[in-house]
Amino acid sequence: MEEVSIGKLTDIADGDYRVFAVDEALEVGIFRNGSKVLAYENVCPHAGGPVCQGKIFHQVEEIITADKKSAGLRFGKQRHIVCPWHGYEFDLATGCHPGDPSVRLTPVKVAVRDGQIYVSVAKPE
Amino acid sequence: MLTKTPRNGKNGKGISRVTELPRISTITDTREILAHAAREARQDNYFIVDVDAHVTETAFWSEVVDRMESDVYKQMARAFKERGNAPGLMNSTPGMLFQDVAGRIPHQQRLGEAVPGGHTHAQVTLVQRAMDSMGIDYMVVFPTPMLVLGMHPQIEMEVVIGNAFNKWLTEEVLPQDPRIKAMLYLPFNHPEASVKCVETYADNPSVIGFSVTSTRFRAVNHDSYMPLYSAIQSSGKPLSFHSGFHWGDQSMQQCNRFISMHAISFVYYNIIHMTNWIMNGMPERFPRLKVMWIESGLAWIPFLMQRLDSEYMMRSSEAPLLKRKPSDYMRDMYYSSQPLERSNIELTEATFKAMNADTQLLFASDWPHWDFDLPSSITTLPFLNEQAKRNILGFNAARLFNLEVPKHKQLKAKPNKTPAKREPVTA
């Protein structure tokens, strides 16, 4: 593996995300949360779609009252990246599908040093 | 990639190794949306016929309206258009606008990408981009909002719109690319007009069959349809039932979520039509008529086979035209693969076996709709041998529709790569 710089941390607004291709080896979504970043492969585990090029939506929750009635829907705090091909949603914090955690995004090793973001990429053969 | 932005991270030769990929929206180019599919397609050499994809007729609605046979309906259509797109002359239902999961799936919302002007029709360009991205050799196109036109309370409206759509498709789209084919829209609520449609287009080489949109309340066994089936049988081209949904259907109004209604309705309509088709002995009346069932997935097939067989063995007097069990007739018919259920691969395998998928199943993408399938939905199935994959992806369709297979794809060679390591998890 080798580390490749993909840009400055400040190039990504806090809470925002960008997607990069490194050679032909890797497509990676970089999601910023304060001074930290998460990185996932831009490949949906469902059908191979460009998941990180989709939109982020807050998780939709259903409000259930004490007597088990539905009081409607609301957005929760959890943020999901949504694959634009078919709508598969993944919790950004874990990379997991909300209904089946075994269906999950592939994390990519990422580091921030001196304000630069580095991702680990397989060395070309 | 079309819109990558070069970044830093240079290699030893000073060439940038990092490029930025855009977010996908309603104006993203189809080739960008399907870039990952194109990568897979470049790695193999399958002959692929996509037997169910869609044009968006409402994006070119003025061209359809111009072809309406009555000035009154033309004026009505234009008056609707001036007030916005939905529901318009088609009286299409609000369920139509729920499909993109509230903006989560942009390509379902709209293909608003730039297309070059000039001789090539914009719809042709959009279809070609999808075909080339997915490695498809022939694409059979159907309309989109018109899939629910059979529920229009004005029967003549289906005739006017259906005829105008067929004229538009055969005059503007199909002549521009011989790889694009159609099973034309039958205005099925009007049997005589449907016969006229068959007579008009039976000899058109780009018209490879005729279709009934299944979302309707007409019994397919009604005597008024016998001349239509005779005409289609005589044409030698297949008849298909393309399913759909309608949230205005009272049965479907019991479902309070689009997901529920959508999941059931696509199966529901074809289950009803198939049951009527078989129990009234249509396969015995029209033994040379080839019939295909589209966009209901596959899981309903073994269910209905068993259900009808069980009842038939106890009540054969109510289906006197049958000389075999219902499932035997069902195995003679053809089915499109999308949306392929594969969350339980053992059930999927049993389904393929029950329906003789090796010879009766035809790949379909349903592009650009939100639950589309790629050829990899077939190529990654672990229980299929190479020949079965090739049959389902293209050779079954070539046989059914009498399509020419390019010479370089007639070989039954293995793909020139190891299979993709990714295994789609469900659908």
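At what angle do helix α10 (residues 258–279) of chain B and α12(B) pack, and how many Å apart are their axes? The angle is about 40 degrees and the axes are 11 Å apart. Axes here are lines fitted to C-alpha atoms, for helices over the stretch in contact, and angles run from 0 to 180 degrees between N-to-C directions. Helices (H or I, at least four residues) and strands (E, at least two) are DSSP runs, numbered from the N terminus.

The structure is a predicted model, in which local features need pLDDT of at least 70 and side-chain atom pairs count only at pLDDT 80 or more, while totals for chains, interfaces and linings use all residues. Residues are numbered from 1 along each chain as its sequence is written, and chains are lettered from A and ligands numbered from 1 in the order in which they are written. The predictor gives the complex an ipTM of 0.95 and a pTM of 0.94. For chain B the average pLDDT (the predictor's confidence in each residue, from 0 to 100) is 92, and 92% of the residues score at least 70. Residues 415–419 of chain B stay under 50 in pLDDT, and the model has seven contacts for them beyond four places in sequence. Two residues are in contact if their C-beta atoms, placed from the backbone, lie within 7 Å. Where pLDDT is low, the predicted coordinates should not be read in detail.

We return to the helices of chain B. The crossing of α10(B) and α12(B) is right-handed. A crossing is left-handed if the near helix is turned anticlockwise from the far one by less than a right angle, and right-handed if clockwise. From α10(B), the residues B:V267, B:I271, B:M274, B:T275 and B:I278 take part in the contact, and α12(B) brings B:W300, B:L304 and B:L308. By class, these residues are seven nonpolar, one polar and no charged. Ala, Val, Leu, Ile, Met, Phe, Trp, Tyr, Cys and Pro count as nonpolar, Asp, Glu, Lys and Arg as charged, and the others, Gly among them, as polar.

Helix α12 (residues 300–314) of chain B also packs with helix α14 (residues 345–354) of chain B, at an angle of about 60 degrees and with the axes 9 Å apart. The two helices are therefore oblique to each other. Angles under 35 degrees count as roughly parallel, over 145 as roughly antiparallel, 65 to 115 as roughly perpendicular and the rest as oblique. The crossing of α12(B) and α14(B) is left-handed. Here B:I301, B:P302 and B:M305 of α12(B) meet B:A350, B:T351 and B:A354 of α14(B). This contact has five nonpolar residues, one polar and no charged.

Chain B also holds an open sheet of eight strands, in the order β3-β4-β5-β6-β7-β8-β9-β10, with parallel pairing. Two strands pair if DSSP finds at least two bridges between them. At the edges of this sheet are β3 (49–54) and β10 (361–362) of chain B, each pairing on one side only. Strand β9 (residues 334–336) of chain B is joined to β10(B) by two bridges, and B:S336 stands opposite B:L362.

Four bridges join β8(A) to strand β9 (residues 116–121) of chain A, where A:R113 stands opposite A:Q116.

Elsewhere in chain A, β5(A) and strand β6 (residues 70–82) pair in the antiparallel sense over eight bridges. A:I56 has A:I81 in β6(A) as its bridge partner. These strands form a hairpin with five residues between them, and A:K68 in the turn has a positive phi of about 70 degrees.

Finally, the two chains meet. The contact takes 27 residues from chain A and 27 residues from chain B. On the chain A side, β1 (2–8), β2 (17–22) and β5 (55–64) each supply at least two residues, and the largest share, five residues, comes from β2(A). This side has 13 nonpolar, 10 polar and four charged residues. β2(A) is also joined by four bridges to strand β2 (residues 18–21) of chain B, and the two run antiparallel. Within this pairing, A:V22 has B:V18 as its bridge partner.
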